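Visitor: Please show me the model, and then we can go through it by question and answer.

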Amino acid sequence: AMLDFKLKPDEVVFNNLLDGCIKDSRAELARMIYKDMAAAGIRPSNATFSILIRLYAQCELLDEAVDMLRREPAVQGISPEPRL
C-alpha cells in the first residue's frame, strides 16, 4: 500500500515490521521482510540484527540467529555492537 502512494519505507518501517513478527513467532515472514529490505536498498542496522536475534530466540531457532550474526553484518558492511 505504501508503494501505491509512492512512499518509500525506511529502516524504521522495516524494523517495526520485523518486530511485529516476534509476537506471533513468524520467522518465515521476517525472512521475507528482511529480503525485501535488502532488495529495497535499505541497509540494516545493529537494531535490525537485535530484532532478528530476538525473533530467532522466540522461535527457538538459535542456530539461525548465530548464522545470521556471523554472516549478515559483514555482508552489509556493518560492525556488530558487542551487545549483540
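Guide: Helices (H or I, at least four residues) and strands (E, at least two) are DSSP runs, numbered from the N terminus. This is a predicted model, in which local features need pLDDT of at least 70 and side-chain atom pairs count only at pLDDT 80 or more, while totals for chains, interfaces and linings use all residues. Residues are numbered from 1 along each chain as its sequence is written, and side-chain values use heavy atoms, with hydrogens and water left out.

Visitor: Does N15 count as buried or exposed?

Guide: Buried means under 20% relative accessible area, exposed over 50%, and partly exposed in between (1.4 Å probe, protein chains only). The relative accessibility of N15 is 9%, so N15 counts as buried.

Visitor: With which side chain does the side chain of N15 make a polar contact?

Guide: A polar contact is a pair of N or O atoms within 3.5 Å; within protein, one must be able to donate a hydrogen and the other to accept it, and residues adjacent in sequence count only if both atoms are side-chain atoms. Contact in general means heavy atoms within 4.5 Å. Leaving aside neighbours within four places in sequence, N15 is in contact with M37, S45, A47, T48 and I51. The polar contact, at 2.7 Å, is with the side chain of T48.

Visitor: How are helix 1 and helix 3 oriented to each other, roughly parallel or roughly antiparallel?

Guide: Axes are lines fitted to C-alpha atoms, for helices over the stretch in contact, and angles run from 0 to 180 degrees between N-to-C directions. The two helices pack at an angle of about 10 degrees, with their axes 9 Å apart. Angles under 35 degrees count as roughly parallel, over 145 as roughly antiparallel, 65 to 115 as roughly perpendicular and the rest as oblique. Helix 1 and helix 3 are therefore roughly parallel.

Visitor: Against which helices do the buried residues of helix 3 pack?

Guide: In helix 3, the buried residues are N46, T48, F49, S50, I51, L52, L55 and Y56. They pack against helix 1 (11–23), helix 2 (27–39) and helix 4.

Visitor: What separates the C-alpha atoms of A65 and L52?

Guide: A65 is found in helix 4 (residues 62–76) and is buried, with a relative accessible area of 9%. A65 and L52 are 13 residues apart along the chain, and their C-alpha atoms are separated by 7.3 Å.
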